[in-house]
Amino acid sequence: MMWQDLVFMLGSGLSIIFLAPTLRDSSARVPLGTSLPSMGIGFVYSTTFFTLGMTFSALGALAAGSMWSLIALFRSPQGVSMKLLARENLALFVSDLQYWIDRRRSDRTTADQYVSFDHGHEQQY
């Protein structure tokens with residue numbers, strides 16, 4: 001084991017210890033703008049450490065990313081945990097995804113999406 005692997009693992013372990021009170025406090029509210037990027041960084045670091053052969057660092061970063069994902073799920077101000085699975089939100093997501101895919105497949109250029117037709121008169125914004 002490289003000493004750097006141990007240092008990164010200890011750093012991730014400390015972040016988990018410092019984040020645990022936030023997860024335990026039911027009145028804590030952490031914005032998704034904080035928790036989701038931190039979660040993503042933890043998972044990217046985990047993958048990176050694993051590809052470098054730093055297994056302990058990878059496990060520590062994975063644990064930290066998982067802790068941030070739990071905070072995002074249970075401690076966001078919007079209460080995402082229960083609303084994420086709501087039927088209306090899922091239908092809206094699927095509708096948006098279909099719209100995005102259809103737009104990507106169309107022959108229109110990106111600039112065309114800003115052209116509005118008002119009673120036969122083309123207007124540029």
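Contact here means heavy atoms within 4.5 Å. This is a predicted model: local features need pLDDT of at least 70, side-chain atom pairs count only at pLDDT 80 or more, and totals for chains, interfaces and linings use all residues. Residues are numbered from 1 along each chain as its sequence is written, and side-chain values use heavy atoms, with hydrogens and water left out.

Start with Leu 23. Leu 23 lies in helix α1. Setting aside neighbours within four places in sequence, Leu 23 touches Met 67, Leu 70, Ile 71 and Arg 75. Leu 70 is 47 residues away along the chain, yet the two C-alpha atoms are 7.4 Å apart.

Now the helices. Helices (H or I, at least four residues) are DSSP runs, numbered from the N terminus. Two packed helices are described by the angle between their axes and the distance between the axes. Axes are lines fitted to C-alpha atoms over the stretch in contact, and angles run from 0 to 180 degrees between N-to-C directions.

| Helix pair | Angle | Axis distance |
|---|---|---|
| α1 and α3 | roughly 15° | within 8 Å |
| α2 and α3 | about 160° | 7 Å |

The angle of α1 and α3 is roughly 15°. That makes α1 roughly parallel to α3, a term for angles under 35 degrees. Their crossing is left-handed, meaning that the near helix is turned anticlockwise from the far one by less than a right angle. The residues of this contact divide into 14 nonpolar, seven polar and one charged. Ala, Val, Leu, Ile, Met, Phe, Trp, Tyr, Cys and Pro count as nonpolar, Asp, Glu, Lys and Arg as charged, and the others, Gly among them, as polar.

Helix α2 spans residues 32-51, and α3 spans residues 55-74. Their angle is about 160°. That makes α2 roughly antiparallel to α3, the term for angles over 145 degrees. This crossing is left-handed. The contact of α2 with α3 has 13 nonpolar, nine polar and no charged residues.

Last, the largest pocket. A pocket is an open set of points on a 1 Å grid over the protein atoms alone, where a 1.4 Å probe fits, with protein on both sides within 12 Å along at least five of seven lines; lining residues have an atom within 4 Å of a point. The largest pocket has a volume of about 160 Å³, the space filled by probe spheres set on the points. Its lining includes Phe 8, Tyr 45 and Trp 68. Helices α1, α2 and α3 each supply at least two lining residues. The largest share, five residues, comes from α2. Seven of the lining residues are nonpolar, five are polar and none is charged.

How values were computed: Parallel < 35°, antiparallel > 145°, perpendicular 65-115°, else oblique.
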